[in-house]
Amino acid sequence: MLSFLIRRLLQTIPTVLAVVMLVFVLFSVVPGSIASSMSDDVDPQVELRLKQQLGLNDPVYVRFGKYMAKLATGDFGTSFRTREPVTSMIAKRAWPTLQLIFTAMAFSVLLGVPLGFIAALRPGGLVDSAAMILAVTGLSIAKFWLGLVIMYVFALKLGWLPSFGYGDGSLKYLLLPAVTLGVSPMALFARTTRAAVLEIMTADFVRTARSKGMSEVRVVKWHVMRNALVIILTTVGLQFGGLMGQAVVVEKLFSWPGIGSLLVDSVLQRDIPAVQGSILVVVLAFLAINLLVDLLYGVIDPRIRYA
């Protein structure tokens, strides 16, 4: 286990370096600057002086070397816009994003997995048909449109929940953006769970267990459920990374003060250090979650061994 963990951590280094280099080079060649984003009519002398102060006149390789030297010490740089350390900016936005993503994931798993499981136990029935219609609908709806609809219904028309904002961070502010973000993965979990359970139900070891007189409840609990969880866990891990990216749209729509909204604002303002720091945090979170999923495989299925 320890050797596997060390090997996986070493494998993440090239991925992180590639992402850092790609983002840095991309924002180095894109036209425009931090000065031009402040106003359409900027005095050339002011823009030149600002670039000089920020070190933007240095060659790309010089700026990249300085950035990597700071990054090696855990310093993500200083925001061009606010002159605040990027680490501090991200730290303030991390908790709201974690709240949103984990609530959305809990909503999607707690509804999607049981729904897919029940549908697979009665294939072709009413629950199965309704679950698959719901799954296809959930995967097809755009998050931006869905967010506007539920905001209009539950906030503006019924007045049950706040329409946007973070407030005190309580569930009433969190519910609408979390549901908007969680509908698509919920639909995916329902379809994935149904497909996995249907496949396992026809496996030889399940037929053997039944032929030995094992009750259907025990067959489902000890054979079907455990084997299906490996596939479901893989999907959950991948969807965590997807939610990090999809949260950008939801956070902007509901004025949620997370890393996603910080990333969008930083891109529009050409605040390169904030953009680089935000993307790097998202990538690291995705890699960490997938590493955790790989380690959980052995807990769910003891037959899995790490070479």
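These legends walk through a predicted model, one close-up at a time.

Residues are numbered from 1 along each chain as its sequence is written, and side-chain values use heavy atoms, with hydrogens and water left out. Since this is a predicted model, local features need pLDDT of at least 70 and side-chain atom pairs count only at pLDDT 80 or more, while totals for chains, interfaces and linings use all residues.

View 1. Helices (H or I, at least four residues) and strands (E, at least two) are DSSP runs, numbered from the N terminus. Reading along the sequence gives α-α-α-α-α-α-α-α-α-α-α-α. Of the 307 residues, 41% count as buried; that word means under 20% relative accessible area, with exposed over 50% and partly exposed in between (1.4 Å probe, protein chains only). The accessible surface comes to about 16300 Å², and 68% of that belongs to carbon and sulfur atoms. Accessible areas come from the Shrake-Rupley method with a 1.4 Å probe, and for residues only the protein chains shown count as cover. Take the contacts with a separation of 6 or more: 72% of them are between residues 24 or more positions apart. A contact means heavy atoms within 4.5 Å.

View 2. Helix α4 covers residues 60-71, 12 residues in total, and reaches 16 Å from its first C-alpha to its last. That is close to the 16 Å expected at 1.5 Å a residue, where the expected span is 1.5 Å times one less than the number of residues. Which residues of α4 are buried? They are Arg63, Phe64, Tyr67 and Leu71. These residues cover an arc of only 100° around the axis, so they sit on the same side of α4. The arc is that of the directions from the helix axis to the C-beta atoms. As a general point, an α-helix has 3.6 residues a turn, so residues three or four places apart point the same way.

View 3. The structure holds three salt bridges, each being a side-chain nitrogen of Lys or Arg within 4 Å of a carboxyl oxygen of Asp or Glu. Side chains of opposite charge can pair when their charged atoms come close. Here Lys92 pairs with Glu84, with the closest N and O atoms 2.8 Å apart. Lys92 counts as exposed at 58% relative accessibility, whereas Glu84 is partly exposed at 21%.

**View 4. Asp128 and Arg194, a link between α6 and α8.** In this salt bridge the closest N and O atoms of Asp128 and Arg194 are 2.5 Å apart. The pair joins distant parts of the chain, with Asp128 in helix α6 (residues 126-140) and Arg194 in helix α8, 66 residues apart. Is Asp128 buried or exposed? At 4% relative accessibility, Asp128 counts as buried.

**View 5. Helix α11 and its tie to α10.** Helix α11 runs over residues 259-268, and its buried residues are Ile259, Gly260, Ser261, Leu262, Leu263 and Ser266. Asp265 forms a salt bridge with Lys252, the closest N and O atoms being 2.9 Å apart. Asp265 belongs to helix α11 and Lys252 to helix α10 (residues 216-253), 13 residues apart. Both ends are partly exposed: Asp265 at 24%, Lys252 at 37%.

View 6. Most residues other than glycine have a negative phi. Arg83 has a positive phi near 60° and is found in the loop between α4 and α5 (86-121). Ser255 has a positive phi of about 50°; it lies in the loop between α10 and α11 and counts as partly exposed at 42% relative accessibility.

View 7. Trp145, Val149, Tyr152, Val153, Phe154, Leu156, Leu158 and Trp160 make a nonpolar surface patch of about 820 Å². Patches are made of residues with over 30% relative accessible area and no salt bridge: like charges are joined within 9 Å, nonpolar side chains (Val, Leu, Ile, Met, Phe, Trp, Tyr) within 5 Å. Where is Trp160? Trp160 sits in the loop between α7 (143-157) and α8 (171-201), and it counts as exposed at 62% relative accessibility.
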